[in-house]
Amino acid sequence: MEKKLHLRNILELNLAMLLISTSGALGRYIDMPVPVIIGFRAIMAGVLLFVFCKWKGISFRTGSKDRPTIILSGVLMGLHWVTYFYALKLSNVAIGMLSIFTYPVITALLEPVVLKTKFQKIHLLLALLVLVGIYFLVPDLDFSNSYTKAVILGVISALCYSLRNLIMKTKVGSYNGSVLMWYQLVVVSIFLLPFIFIMDSSGIKDQWLPTLTLALLTTAIGHTLFLASFKRFSITTASIISSVQPVYGIIIGMIFLGEIPVLSTIIGGLLILTSVVIESVRTYR
C-alpha cells in the first residue's frame, strides 16, 4: 500500500514537471509582446486560483509583517517570467529552458548570503561546471547575437527565481502554497496590467486558447502540484526530479514546433543538468 502511494506521489510530481515544462513551447508559440503574454497569464491564473481557494475554503489572511516579503516575491516572480519569455523569443525552447536551469546552483551559492547558512566549497566547482555548460549554450560571446542575449536573460531569470525561492522558503510553512502563489499572481497582474493597454494586445482574440492553457495547465495546476509535492518529498528530492523539466520541454518543442537542439546545446544542457543532479543528490545524502 505504501509503495503504491509513493509511486502515485512520484507520478504526481512528474505530472507537475510535465505541465510546467509546457511553458517553453507555449512561450515560443504565443505571438504577442512578452509583457502582454505574462500579464494575461497572471490575470487568468489568478482568477482560476482564487476560485480554487474559495472552493476549498482556504483563508487568504496574511500577517502584516509577511506582506512585504510576499510582495517582493511577486515582483521577482514577474521578472523571472518576463526575462524567461524574452529568452525563449530570442532563441529556442532548449536554450531558454536550459539557461534558467542554472537556478539550483545559483541558489546554492546565494543561500549562505541570504539565509546565513554555511558556505560549501563544492558549490564553486558546481558553479564552474554550470559556466562551462553556459559556454556551450552560447555559440560565440557576441552581444549582438540573439542566442547570447537569450542566455544572459535566461541566467537573469534564474537569479530572480532563486531569490524568490529563498525568500519564500521562510514563509511556505506558515501559509497554503496556493494562497502564496495567488498573492504573487496579483502582484504580477498589477505591475503588468498597464502593458496590456500600452502594447498591442489584439492578438489575444486569436491566442486566447494557448494563453489560457499557459494560465491553467502550466501556472495554476502545474505550480500548485509542485508546491503540494513539498509536503511529501524533501525540497532536494523535488529538485532532483524537477531537472527532467528541460528534457520534457525540449521533447514538447521537438514534437509541436519542430525545434531540434544542436550538439553544442545538448552538451551544455548535460553539463548544467549534471551539476543540478550532483547538488541534489549530495544534499539528499
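Visitor: How do the axes of helix H5 and helix H8 cross?

Guide: Two packed helices are described by the angle between their axes and the distance between those axes. Here, H5 (residues 93–100) and H8 (residues 146–169) have axes that come within 7 Å and cross at roughly 35°. Helices are DSSP runs (H or I, at least four residues), numbered from the N terminus. Axes are lines fitted to C-alpha atoms over the stretch in contact, with angles from 0 to 180 degrees between N-to-C directions. The crossing is right-handed, that is, the near helix is turned clockwise from the far one by less than a right angle. The model is predicted: local features need pLDDT of at least 70, side-chain atom pairs count only at pLDDT 80 or more, and totals for chains, interfaces and linings use all residues. Residues are numbered from 1 along each chain as its sequence is written, and side-chain values use heavy atoms, leaving out hydrogens and water.

Visitor: Which residues make the contact?

Guide: Contact means heavy atoms within 4.5 Å. H5 contributes Ile95, Ser99 and Ile100, while those of H8 include Tyr147, Gly154, Val155 and Ala158.

Visitor: Is Thr102 buried or exposed?

Guide: Buried means under 20% relative accessible area, exposed over 50%, and partly exposed in between (1.4 Å probe, protein chains only). Thr102 is buried because its relative accessible area is 1%. Thr102 lies in the loop between H5 and helix H6 (103–114). Leaving aside neighbours within four places in sequence, Thr102 is in contact with Val130, Ile134, Val155, Ala158 and Ile272.

Visitor: Where is Ile221 placed?

Guide: Ile221 is in helix H10, and Ile221 counts as partly exposed because its relative accessibility is 33%.

Terms used
Helices (H or I, at least four residues) and strands (E, at least two) are DSSP runs, numbered from the N terminus.
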